[in-house]
Amino acid sequence: MKIGVIGGGQLGRMLALAGTPLGMDFAFLDPAPDACAAALGEHIRADYGDQDHLRQLADEVDLVTFEFESVPAETVAFLSRFVPVYPSAEALRIARDRWFEKSMFKDLGIPTPAFADIQSQADLDAAVAAIGLPAVLKTRTLGYDGKGQKVLRSAADAADAFAELGSVPCLLEGFVPFTGEVSLIAVRARDGETRFYPLVHNTHESGILRLSVASDAHPLQALAEDYAGRVLDQLQYVGVLAFEFFEVDGGLKANEIAPRVHNSGHWTIEGARCSQFENHLRAVAGLPLGATTRRGETAMLNFIGTVPPVEKVVALADCHLHHYGKAFKDGRKVGHATLLCADRATLDQRIADVQALIDA
Ligand code: AMP
């Protein structure tokens, strides 16, 4: 079976690393000359709106999936005419736009911060009056890793905020005084079977994920599965979906969903019985899903900007290096380490060991 992937970054690369043993071949469509997934499959170097190359991809593969959600709607619609596409055009339409996404949460009875659609500075002024400060202004589309958003703490912050974000459609959200951030990686098969990984506790710095720790029997697991299950069924979703929540007042508020494999699920490569990458491929290919349980105490640390010396990372016990083969650059995710340990005390020690290499 040949899988087409829109996007050829590290998520595409890790999909191919998981799918190759299943006998799958891969083609990646990505305009970047140095797309790091290209080492693992065919690289169709073209823009996402290039219909000739989209048609070439559709003709070559059995199905198409995505490694990022900001794909133009026309691209998805065009591909869908020739080849099965998972997740669906509708799932992508909702997940890439924060207004559609939060409106869906509200319709499904999933708690989420107060929010308002912002098309002008006048809308923003009215929404600040209604929602109050502090609040967070986010572009409706194309935001990631804390980009395309601004925390508004005072009237002065709000005064020019719409123009500062480029005068594009935005969403204003009430600021959530969260005690933690957790994510749930879920997978739904073509026949509707759904499985969930253990909740992950995430630590961000400057808007970028640094550390994910998979929990054991988290008290909010059942609630998170209930909320995510509503979204999966509503969208008749096929594939892996990541759901990010704020932990607040002993409950959860939905932040966002990602219709794809997700950075906070990278621990599953060695830390779960079947990784998020393999389970995504199983789901879209119509294969039975794999077990989502942990193999032990497990965590993931991101390498941002640069990867510590390879010989030092692989010398650490219980540590697995994933080097994305990308050019090093400030703020860019260039690799990660997965930790898999027998007990929690050892895991905490290993997290400190990897952190020391990052800080060195
Ligand atoms: P996002 O791109 O929506 O995931 O936001 C990036 C990060 O900004 C989140 O992981 C939070 O740490 C923070 N953040 C986003 N929205 C809010 C909010 N409404 N209240 C408080 N913090 C937020």
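Start at I3, which touches M24, D25, F26, A27, V61, L63, T65 and L281, leaving aside residues up to four places away in sequence. Contact here means heavy atoms within 4.5 Å. This is a predicted model, in which local features need pLDDT of at least 70, side-chain atom pairs count only at pLDDT 80 or more, and totals for chains, interfaces and linings use all residues. Residues are numbered from 1 along each chain as its sequence is written, and side-chain values use heavy atoms, without hydrogens and water.

I3 belongs to the largest nonpolar core, which has 36 residues. Such a core is a set of buried Ala, Val, Leu, Ile, Met, Phe, Trp, Tyr and Cys residues joined through side-chain atoms within 4.5 Å. Buried means under 20% relative accessible area (1.4 Å probe, protein chains only). I3, F26, W267, F277 and L281 touch the most other members. Elements that each supply at least two residues include β1 (2-6), α1 (10-19) and α11 (276-285). Helices (H or I, at least four residues) and strands (E, at least two) are DSSP runs, numbered from the N terminus.

Why does this core lie between domain 1 and domain 3? Domain 1 (2-85) and domain 3 (180-359) both give residues to it. These bounds come from an automatic or database domain assignment. Another core lies apart, with 26 residues, among them V182, L184, Y227 and F245.

Now turn to helix α5 (residues 98-107). At its start, a side-chain oxygen of D97 comes within 2.8 Å of the backbone nitrogen of W99. The buried residues of α5 are R98, E101, K102, S103, M104 and F105. Just after α5, G109 has a positive phi of about 75 degrees.

Methods:
Buried < 20%, exposed > 50% of the residue type's maximum accessible area, 1.4 Å probe, protein only. Polar contact = N/O pair within 3.5 Å; in protein donor to acceptor, adjacent residues only side chain to side chain.
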